[in-house]
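Please consult the sequence and the structure while reading.

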Amino acid sequence: MKTNYFIMAMLLLLSVTSCSTYYRMSSRIEKDGSMYREIYAQGDSAFLAGDKTHNPFLFQPDANWQLVNLDSTIKFNFWGEEEKLNVKACQKISVTDGEYFTVAKNKEHLNSMAIPMEQLKKKFRWFYTYYIYTATYKELQDKGPVPLSDYLNKEEQIIWFHGNDDAFRGMNGIEMNDKLDKLEAKFGEWYNRSIYEINWEVIHHFVSQQKDTACLHRLEELKDAVYKKYSSEKGYSLEDADLEEVCSLFDKVCSTKYFSDLYNTNKEMMETFCEEKINIAEAFYHAIQFELTMPGRLLTSNAKVQKDSLVIWKIDGFRLLADDYVLTAESRVINYWAFGITLFIILLILGLCIKLYRS
C-alpha cells in the first residue's frame, strides 16, 4: 500500500482542499459582553440517532452545549466549496475570557485547532463603548522530525502560512510571484526532508528489532547519501514517496535486497507505525469557518472577510505551523444616553450663563 498521510496533508497546501472536513462556528457578541455561539458539523446517522460516541465535532460537547439535529441538510459555502452540515451545538457564554472547549476523545493531537483562548475587553469611553475581541489558536507543537526554521526563517514562515500584506507592498505581480516561488521551493525542501526522515525512522525502528547491527550501522551511515539520491530523483515536484520506495533506494546503494525484504515481511506493521508517527497530519484535513458578529460598528480586524459587523476567518492546520494564530476584531457602540446627558448639561450651563448675564 503506497500511502503516506504526511504527504497527502502537505499537498493540501498546494491544491484545493476538497478532502477537508469543514466546520462552521458562528458567534455573536452582545452589548453586555456575553456571547451566543453555534457550531455546525456533519454528523453520521448514528450520531443523529443519539449515539454520542460518534461525535462529529473537534470538541467534546458537555452539558452546557445544546445539540440540535437540523430538520434538513443545509448547504454552507466554504470559500467557494459547498458542504452539507446537519447538526449544530449551541451555547450562551456569559463572560468571554478563557477556553470554552474540551478536546474530543481520541482527538488530543488536534488540541491546537480545537481549543482557542478567547478574550473580550469592554472599554467605556463616555460617548462610545469599545469591544476588543481576541482568539488565540496555539502553534502546533508536533510538526514532524525536521524543524521548519532549517529552511524558512520566521518572517518567511509568517508570509507562507499566515500571509503578510506588508511583505509585498510596492511589488508588482511578477515580483510577488518570484518571491512566492522562492518560498515554495524552500517549503518543498523542508517537505521532502520531512517525509524522508519519517520513512527512515520507521525503517530504522524495524531494523533495530531484527538486531542486525551491521545493517543498522549501514542505515545510519548512508542516511544522508541516500537522501541526496532521493532528492535528486524527486527534485521539488512533491511526488509521493513511501516506505517501499525508500527501502528500494537503500537496497540500490547497498547492493542488497535486505530492506525491501524487510518491508515485504512487515508491510502492514510498518505502514501502521508510520501512520501513528504522523497522526498530527490530521490537522491539515480540518478547516473551521470562524464567523463573528461584533456589536455596533466594526473598526478593525485581521479577518479574511469583513462585512458590516461580521468578520470571517479561516482556521486550518497550515496557519498553525508558523506561530500562534491570533484573531482580532474591534468595534464600538454609540452611547446615545451619553450624548443626551452631555447635551442636557451644555444647555443647562448655557441657560445659567444667560441667566447670570441678564442679572
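## Basis of the description

The model is predicted: local features need pLDDT of at least 70 and side-chain atom pairs count only at pLDDT 80 or more, whereas totals for chains, interfaces and linings use all residues. Residues are numbered from 1 along each chain as its sequence is written, and side-chain values use heavy atoms, with hydrogens and water left out.

## Domains

The domain assignment divides the chain into domain 1 (21-169 + 285-338) and domain 2 (173-280); such bounds come from an automatic or database domain assignment. Taken over C-alpha atoms, the centres of domain 1 and domain 2 are separated by 36 Å. The contact (heavy atoms within 4.5 Å) takes 16 residues from domain 1 and 16 residues from domain 2.

## The contact between the domains

Domain 1 and domain 2 bury about 1,800 Å² between them, and 74% of this area lies on carbon and sulfur atoms. Buried area is the accessible area (1.4 Å probe) that two parts lose on being put together, summed over both. Of the area that domain 1 buries against domain 2, 37% is supplied by Tyr151, Trp160 and Phe168, more than by any other three residues.

Polar links are also present: 3 residue pairs, both at pLDDT 80 or more, are in polar contact between domain 1 and domain 2. A polar contact is a pair of N or O atoms within 3.5 Å; within protein, one must be able to donate a hydrogen and the other to accept it, and residues adjacent in sequence count only if both atoms are side-chain atoms.

The structure holds 16 salt bridges, each defined as a side-chain nitrogen of Lys or Arg within 4 Å of a carboxyl oxygen of Asp or Glu. The count between domain 1 and domain 2 is 1 salt bridge. Glu156 forms a salt bridge with Lys186, with the closest N and O atoms 2.7 Å apart. This pair links distant parts of the chain, since Glu156 lies in helix α4 (residues 154-162) and Lys186 in helix α5 (residues 173-209), 30 residues apart.

## The mixed sheet

Helices (H or I, at least four residues) and strands (E, at least two) are DSSP runs, numbered from the N terminus. Two strands pair if DSSP finds at least two bridges between them. An open sheet of 7 strands has the order β3-β4-β2-β1-β8-β11-β10, with mixed pairing. Its edge strands, β3 (66-78) and β10 (305-307), each pair on one side only.

Within this sheet, β1 (residues 21-29) and β2 (residues 35-41) pair in the antiparallel sense over 6 bridges. Ser27 stands opposite Arg37 in β2.

## The antiparallel sheet

A further open sheet consists of 5 strands in the order β5-β6-β7-β12-β9, and its pairing is antiparallel. The edge strands β5 and β9 (297-301) each pair on one side only.

β7 is joined in turn to β12 (residues 325-334) by 10 antiparallel bridges, where Tyr131 has Ser331 in β12 as its bridge partner.
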